[in-house]
Amino acid sequence: MTPPPPPLTVWGHTWRTVLVISISAVAWSPVFLWQWENARWWWWLDLTVGLASFVLVFWRRRYPVTVGVITNLSSAFATTAGGPATLALFSLSTRRRWREIIPVSAATLVGAFIFVGIDPTTDPGLRLFSAGFVVAIVGVTVGWGMYVGSRRELLATLKERAERAESEQAARVSQARTAERARIAREMHDVLAHRISMVTMHAGALTFRDDLAAEEIKRTASVIEQTSRLALIELREVLGVLRDDVGDGAPEPPQPTAGAIAGLVAQFRESGMNLQYDDRIDPATIPDLIGRTAYRVVQEGLTNASKHAPHARVTLLVTGGSDDGLVIEVSNPLPAGGRSPDFPASGLGLVGLTERAELAGGRLHHGMVSGHHVLRVWLPWSA
């Protein structure tokens with residue numbers, strides 16, 4: 001469907017008005033003197049109908065067919081209506097609708113043939129030539145109008161495509177920004193959650209226990225200091241991904257792999273966790289892509305266990321292979337009374353792990369099994 005014509009500027013109105021007046025003046029000039037000398041009533045009729053057609057043509061965009069028919073039939077008796085009739089036919093042709101163009105063009109030809117037949121200034125031997133000339137003018141007007149309409153449609157289509165592309169690009173940028181924020185949020189949670197949990201546990205021990213020796217207090221304070229320093233370092237590394245300035249160095253976000261799980265286990269043991277680590281696969285053989293996910297799974301699982309069952313015996317099992325995939329299982333019994341210490345829960349840890357596992361093509365399950373809370377993650381080896 002042809003789009004609506006663009007609004008006319010002052011210059012657009014000006015040159016169209018000048019063109020209409022010029023066409024009418026050229027059409028009227030051969031009969032002007034004959035009408036004045038031989039049929040003055042026709043002179044006044046021609047001028048009146050021409051002025052009325054000139055005013056009427058300003059509504060050609062709102063009523064294209066009506067204006068086109070009236071102005072072109074008027075040209076059968078008034079040569080001054082030739083300019084408005086031409087403009088009306090051209091404007092209607094830009095709509096590229098044959099059901100409108102054909103009847104208006106027929107009215108144009110009828111009006112022109114009538115005038116050629118009654119024009120007293122036309123040589124009878126040239127009437128056939130004049131009729132052919134009129135047909136050519138109508139054909140050129142219709143063809144030019146359809147070309148302009150086609151060009152308008154092409155420009156409108158290109159504009160629509162450009163706007164759609166910009167809109168889609170903006171949507172992609174917004175989605176990428178949202179995904180990046182979610183990734184950074186998961187990264188910050190994974191990196192900092194267990195550090196802050198360790199600090200909270202040891203600080204809580206210093207607050208509530210009055211029977212600690214000076215050496216034990218010093219050792220606990222040292223653990224708090226070291227853990228806090230590591231948390232700050234890791235926080236700076238994670239926030240480094242937000243820097244846009246290349247000059248800042250833009251450090252890479254922390255990307256530990258399965259080889260770092262042993263060190264992570266040692267940290268939890270040093271913090272006082274009763275942790276049994278059953279490693280049935282060589283971490284060096286685990287691909288880095290799933291190794292990073294495996295590290296985060298272990299980190300989050302042990303952090304949750306330390307928060308909700310701090311004195312329970314925690315079991316970490318890492319097994320699998322290239323044929324069966326990698327399996328990570330963290331289990332611990334419920335604390336006495338079935339209640340957990342009063343730690344604030346974000347509710348985002350397992351959600352983030354589930355997203356990580358699914359992005360790697362794996363699965364995550366957690367729940368109660370025989371009085372134990374079990375977190376089990378399967379990751380495909382080819383991830």
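1. A contact here means heavy atoms within 4.5 Å. Among contacts in the chain between residues at least 6 apart in sequence, those joining residues at least 24 apart make up 70%. The model is predicted: local features need pLDDT of at least 70 and side-chain atom pairs count only at pLDDT 80 or more, whereas totals for chains, interfaces and linings use all residues. Residues are numbered from 1 along each chain as its sequence is written, and side-chain values use heavy atoms, with hydrogens and water left out.

2. The chain holds ten helices and five strands; these are DSSP runs numbered from the N terminus (helices H or I, at least four residues; strands E, at least two). Of the 383 residues in the chain, 38% are buried. Buried stands for under 20% relative accessible area, exposed for over 50%, and partly exposed for what lies in between (1.4 Å probe, protein chains only). The accessible surface of the chain is about 21900 Å², and carbon and sulfur atoms account for 62% of that area. Accessible areas come from the Shrake-Rupley method with a 1.4 Å probe, and for residues only the protein chains shown count as cover.

3. In helix α3, the buried residues are Pro64, Val67, Gly68, Thr71, Asn72 and Ser74. Viewed down the axis of α3, they fall within an arc of 155°, so they line one face of the helix. The arc is taken over the directions from the helix axis to the C-beta atoms. Packing partners of the buried α3 residues are α2 (40-56), α4 and α5.

4. Helix α4 is mostly covered, with eleven of its twelve residues buried. Among them are Gly82, Pro84, Leu87, Phe90 and Ser93. The end C-alpha atoms of α4 are 16 Å apart, in agreement with the 16 Å that its twelve residues should span at 1.5 Å a residue; the expected span is 1.5 Å times one less than the number of residues.

5. Serine 93 belongs to helix α4. Its relative accessible area is 0%, so serine 93 is buried. Neighbours within four places in sequence aside, serine 93 is in contact with Ile101, Thr141, Val142, Gly145 and Met146.

6. A nonpolar patch on the surface is formed by Leu73, Phe77, Val110, Ile114 and Ile118, which together have about 410 Å² of accessible area. Patches are made of residues with over 30% relative accessible area and no salt bridge; like charges are joined within 9 Å, and nonpolar side chains (Val, Leu, Ile, Met, Phe, Trp, Tyr) within 5 Å. Helix α5 (residues 98-118) gives the largest share of the patch, three residues. Phenylalanine 77 sits in the loop between α3 (64-74) and α4 (82-93), and is partly exposed at a relative accessible area of 47%.

7. The structure has six salt bridges, each a side-chain nitrogen of Lys or Arg within 4 Å of a carboxyl oxygen of Asp or Glu. Glutamate 100 pairs with arginine 95, with the closest N and O atoms 2.9 Å apart. Glutamate 100 counts as buried at 10% relative accessibility, while arginine 95 is partly exposed at 25%. A network of salt bridges links Arg95, Arg97 and Glu100.

8. Another salt bridge joins glutamate 160 to arginine 164, the closest N and O atoms being 3.1 Å apart. Both residues lie in helix α6 (residues 127-208), four residues apart, about one turn of the helix. Glutamate 160 is partly exposed at 45% relative accessible area, and arginine 164 is partly exposed at 39%.
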